[in-house]
Amino acid sequence: MTAPFVDDAILVATDDGPRLVGGRCSACGTSAFPRPGSCPRCGSEQVDEDVLPDRGTLWSWTVQHFPPPVPPYQGPQPFVPYGVGYVELGGRVLVESRLTESDPAQLRIGRELELVLTPLHDADGQERATFAFAPLERP
Amino acid sequence: MSTGVAIVGLGIHPFGRTPGVSGRQQGVIAARRALADAGVRFEQIDLATGGSMDGGDADSLVSDLGLTGLPFQNLWNGCGTGGSALLAASHAIAAGAGQLGLVVGFDAHPRGAFNTDPASLGIGDWYAESGMMLTTQFFALKVQRYLHEHDLDPSILATIAAKAFENGARNPNAWRRQPLSEREILDAPMINDPLTKFMYCAPGEGAVALVVCPSDQAHRYHPRPIHLRSAVLRTRRFGSFEVFSPWLSVERGPSPSADAARLAFEQAGLGPDEIDLFQLQDTESGAELMHMAECGLCEDGEQEDLIRSGATRIDGSMPINTDGGCLANGEPIGASGLRQVHENALQLRGQAGERQVAGTPRTAFSHVYGSPGLSACTVLSV
């Protein structure tokens, strides 16, 4: 996919594919996403870039069944329901994400997921890539 | 509190939709009713506090109530706005800044889900553009995890909603006054799994006003003053699970509701088991479920048996949301927290009509929770 990232502060291209970019406090070790200007736990302003793992487990989930207001929403039109969940990444942080799966029967807490890119379209019709997580195996 | 504060005037404009009457005008109506209830004129009010999200500036009410020159503070704390306004007025009264205070909350929101700007909360635009800037998702994600951790059956969410509409049917000021069966609630369109349309409250309209004064003066204004035993506002601490969170810590911490409730009980010198009725934030039915435990009414996971046994109904051992809560009243943000205090005060006066809790309740607790992670709680007593 060649579309630019929705925000270069949250995604980075690596040799192994796209990764989410968080921050890790150099004072207390707390991880956060996106990388904050200061640590939400101890207030330190020394927060280092932390490239997050691309695999994780589903911590909670729901399905978005009604269209969010446009703007700001830039997902597929006409609206199609999508999953939303918190994904635990490497025991460091729970990241909220779109899920490629929107069938409740396929979504269960603890399921293994991997990072993928999914397209958005801005008001001018330009494609941009945001992140989502996709199931790794059959449930 | 050093000097006790009492509520001596109650005013409400019915919740729901009132075409032709603005949110601001509803605030004026509620204020006039509270003043009349306390038997005072606006010229006698020494200070006022209030807030609204979409209804206009609270201090503009002086144009209608009287240009007396009084200090009128506008306050805004999301769903905690009413609680915050009551807290500010009670602190001022307790500090001797005046004898009579007016607290007012009102709102009138457009239909549909709130469209919050991520920048106002320090979040990047990508969050809303990707489809995650929705309060409804937060409540669903939180209760989904909670049901999983405590092995609770999702059908309990319909039992909670059915109770709310049953109570709302007995409340002339409520918006939704039609009882719904658990089946109808479960079969309604899914909004965000596991929550259906009838398990969520909707943004609406409404207004509430209160007149407060020092407790030792209260009998001058009302034969049955209601004492504000505590009023507490708390914001989130690290590790709590909050609305509009692009990430959460892997460590769970106490919620602002748990902190605010514990302090409110402590300051009142009363435990949850000494409270006769409760109003808990029920933005959706899972919120009532989780807030029962967060506020210390029971342990995590005990809710299902309590609810199924009828404990939280008006005739139960711990009546919750006796006026139908947010589910039956909708949520005009500025007014919602004060609606709870109004309902508790009305119940303690014994004036709650068809929904009156039997046995002359003497103590009541209220709790609001809102974005971006705050809670306001009160304990009232006769």
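First, the conventions. Residues count from 1 along each chain as its sequence is written, chains are lettered from A and ligands numbered from 1 in the order in which they are written. Since the model is predicted, local features need pLDDT of at least 70 and side-chain atom pairs count only at pLDDT 80 or more, while totals for chains, interfaces and linings use all residues; side-chain values use heavy atoms, with hydrogens and water left out.

On confidence, the model scores ipTM 0.96 and pTM 0.95. Chain B has a mean pLDDT of 96, and 99% of its residues reach 70 or more; pLDDT is the predictor's confidence in each residue, from 0 to 100.

Now the salt bridges. The structure holds 21 of them over all chains, each being a side-chain nitrogen of Lys or Arg within 4 Å of a carboxyl oxygen of Asp or Glu. In chain A, Arg19(A) pairs with Asp54(A) at 3.5 Å, N to O. Arg19(A) lies in strand E2 and Asp54(A) in the loop between strands E4 and E5 of chain A, so this pair ties together parts 35 residues apart in sequence. (Helices, H or I with at least four residues, and strands, E with at least two, are DSSP runs numbered from the N terminus.) Arg19(A) is buried at 13% relative accessibility, and Asp54(A) is partly exposed at 22%. The cut-offs: buried is under 20% relative accessible area, exposed is over 50%, and partly exposed is in between, with a 1.4 Å probe and protein chains only.

Over in chain B, Glu343(B) and Arg355(B) form a salt bridge at 2.6 Å, N to O. Glu343(B) sits in helix H12 and Arg355(B) in the loop between H12 and strand E11 of chain B, so parts 12 residues apart are tied together. Both Glu343(B) and Arg355(B) are buried.

What does H12(B) cross at roughly 65°? The partner is helix H3 of chain B, and the two axes come within 6 Å. Axes here are lines fitted to C-alpha atoms, for helices over the stretch in contact, with angles from 0 to 180 degrees between N-to-C directions. Thr81(B), Gly82(B) and Leu86(B) of H3(B) meet Gly334(B), Leu338(B) and Val341(B) of H12(B), where contact means heavy atoms within 4.5 Å.

Finally, the backbone. Most residues other than glycine have a negative phi, and most peptide bonds are trans. Chain A has a cis bond from Phe33(A) to Pro34(A), omega near -15°, and another joining Pro71(A) and Pro72(A), omega about 15°. In chain B, phi is positive for Phe244(B), near 55°, and for Thr360(B), about 50°. Is each one buried or exposed? Phe244(B) is buried at 9% relative accessibility, whereas Thr360(B) is exposed at 53%.
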